[in-house]
Amino acid sequence: MKNSLILGFLSATCASIVATIASFSFYKYTYFGRKIIYFFIQIMIMFPDIILGISLLLLFILFDFELGFYTLLISHITLALPFATITVFSGFRGLNKNIIEVGRDLGASDYDILKKLIIPIISPNIIAAFLIAFTLSLDDVLVSYFVSGPQYEILPLTIFSLARMGTKPEVNAICTLMLLISVFLIMLSQILLRKKDD
């Protein structure tokens, strides 16, 4: 459980940061390939986890990565990034574009505009993206199955291996707890997004 929480927190944090930067670039700048990149981000949501897991495993084998914590972290960031980007970008779409112009007129750089104006406004989207990414990491079995090593064990794979040996009360209790945590986190993310829209 400890390993799963650490992995979930780190992957969700990285995914949220990258998603915020990517969303800001989609919102603020016009460049070649912008629409294509966003299209591929949307397509990645529909990718089956098994294809993503096998693809990442082949990539790690190609670059001679040792399977363990870092391969799991990279995989979970990759898994969560499309969901986080779309969640954060939906906040940027609701922004008034005059905010950036006002910030520029007052002498703020792009970094200051992002830090002091935009992030406080879209913070509910960023928190919602973090919660979604954390939930994805906490519940992932398929991708983790391919990219995990024997040195770093996480709860979903432990539950999966225990369930294969037969259903026990302990497994049922852990699965119920995981389900309740996941539902709570997703509901919390939706509440944050609705409050922002109101």
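**Opening question**

In which kind of crossing, left-handed or right-handed, does α4 pass α6? The crossing is right-handed; a crossing has this name if the near helix is turned clockwise from the far one by less than a right angle, and is left-handed if anticlockwise.

**Basis of the model**

This is a predicted model, in which local features need pLDDT of at least 70 and side-chain atom pairs count only at pLDDT 80 or more, while totals for chains, interfaces and linings use all residues. Residues are numbered from 1 along each chain as its sequence is written, and side-chain values use heavy atoms, with hydrogens and water left out.

**Overall architecture**

The protein chain contains 9 helices and 0 strands. Helices (H or I, at least four residues) and strands (E, at least two) are DSSP runs, numbered from the N terminus. The C-alpha atoms fill a box of roughly 65 × 40 × 25 Å along the principal axes.

Of the 198 residues, 40% count as buried. Buried means under 20% relative accessible area, exposed over 50%, and partly exposed in between (1.4 Å probe, protein chains only).

**The nonpolar cores**

A nonpolar core is a set of buried Ala, Val, Leu, Ile, Met, Phe, Trp, Tyr and Cys residues joined through side-chain atoms within 4.5 Å. The largest one has 31 residues, and V88, F92, I118 and I122 have the most contacts inside it. At least two residues each come from α1 (2-28), α2 (34-46), α4 (69-93), α6 (110-139), α8 (155-164) and α9 (169-197). The greatest contribution, 10 residues, is that of α6.

Apart from neighbours within four places in sequence, F92 is in contact (heavy atoms within 4.5 Å) with T20, S23, F24, Y27, L114, I118 and I122. A second, separate core has 16 residues, including L7, F69, L79 and V147.

**How α4 meets α6**

The two helices α4 and α6 pack at an angle of about 140 degrees, and their axes lie 8 Å apart. Axes are lines fitted to C-alpha atoms, for helices over the stretch in contact, and angles run from 0 to 180 degrees between N-to-C directions.

Among the residues that meet here are F83, V88 and F92 in α4, and L114, I118 and I122 in α6. The contact comprises 15 nonpolar, 6 polar and no charged residues.

**A buried serine in a loop**

S148 is found in the loop between α7 (142-147) and α8. With a relative accessible area of 18%, S148 is buried. Not counting residues up to four places away in sequence, S148 touches L67, G68, L72 and L157.

Terms used: Ala, Val, Leu, Ile, Met, Phe, Trp, Tyr, Cys and Pro count as nonpolar, Asp, Glu, Lys and Arg as charged, and the others, Gly among them, as polar.
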